[in-house]
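The following exercises concern the structure displayed below.

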Amino acid sequence: MRKLALLGVLMAIGACDEAPEWERGAAPDPTNDDLKFVRGYRAGDDWCQLTGETAFTAEFLDHTADLVSCPTGSIAAQTLVEAYGAQQVAETGGYTVYTIPQI
């Protein structure tokens, strides 16, 4: 019984060291001529990037929302939609662009 309890504790500790879902796997290529990446949206190393103004993004910018770009089809994009209700507005060069209302 003690062995099972110890195993449970070790598994819980190991889970704490696991990377967030958006960090798992290979990092995306951060180059895209249509997008200007500012910083990670949820954390500095988030694959979803706060996105600045370019000729491509100008029509999507709004002072009441954040523009965020994630690698298309990534877990990072999926969790962004689930957690923040992000709405897709465009796709370009392997990235999907979302708008997220500021709270």
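A residue counts as buried when its relative accessible area is under 20%, and as exposed when that area is over 50%. The model examined here is predicted.

**Exercise 1. Describe the overall composition of the protein chain.**

Step 1. The secondary structure of the protein chain consists of 2 helices and 5 strands.
Step 2. In sequence order, these elements give the pattern α-β-β-β-α-β-β.
Step 3. Of the 103 residues in the protein chain, 35% are buried.
Step 4. The accessible surface amounts to about 6,700 Å², and carbon and sulfur atoms contribute 57% of this surface.
Step 5. Among contacts with a separation of 6 or more, 43% join residues 24 or more positions apart.

**Exercise 2. Determine which residues of α2 are buried, and how they are arranged about the helix axis.**

Step 1. Applying the cut-off of under 20%, one finds that the buried residues of α2 are Ala76, Ala77, Thr79 and Leu80.
Step 2. Viewed down the axis of α2, these buried residues fall within an arc of 165°, so they line one face of the helix.
Step 3. The cover over the buried residues of α2 includes β3 (65-71) and β5 (95-101).
Step 4. Glycine 85 follows α2 and has a positive phi, near 65°.

**Exercise 3. Characterise the surroundings of serine 69 and identify the partner of its side chain in a polar contact.**

Step 1. Serine 69 belongs to strand β3.
Step 2. Its relative accessibility is 0%, so serine 69 counts as buried.
Step 3. The side chain of serine 69 makes a polar contact with the side chain of threonine 51, at 2.8 Å.
Step 4. Once neighbours within four places in sequence are left aside, the contacts of serine 69 include Leu35, Phe37, Trp47, Cys48 and Gln49. Threonine 51, Tyr95, Thr96 and Val97 are also in contact with serine 69.

Notes:
Residues numbered from 1 in each chain as written. Predicted model: local features only at pLDDT ≥ 70, side-chain atom pairs only at ≥ 80, totals over all residues. Heavy atoms only, no water. Buried < 20%, exposed > 50% of the residue type's maximum accessible area, 1.4 Å probe, protein only. Helix = DSSP H or I, 4+ residues; strand = E, 2+ residues; numbered from the N terminus. Arc of directions from axis to C-beta. Contact = heavy atoms within 4.5 Å. Areas by Shrake-Rupley, 256 points an atom, 1.4 Å probe, with all protein chains shown as cover. Polar contact = N/O pair within 3.5 Å; in protein donor to acceptor, adjacent residues only side chain to side chain.
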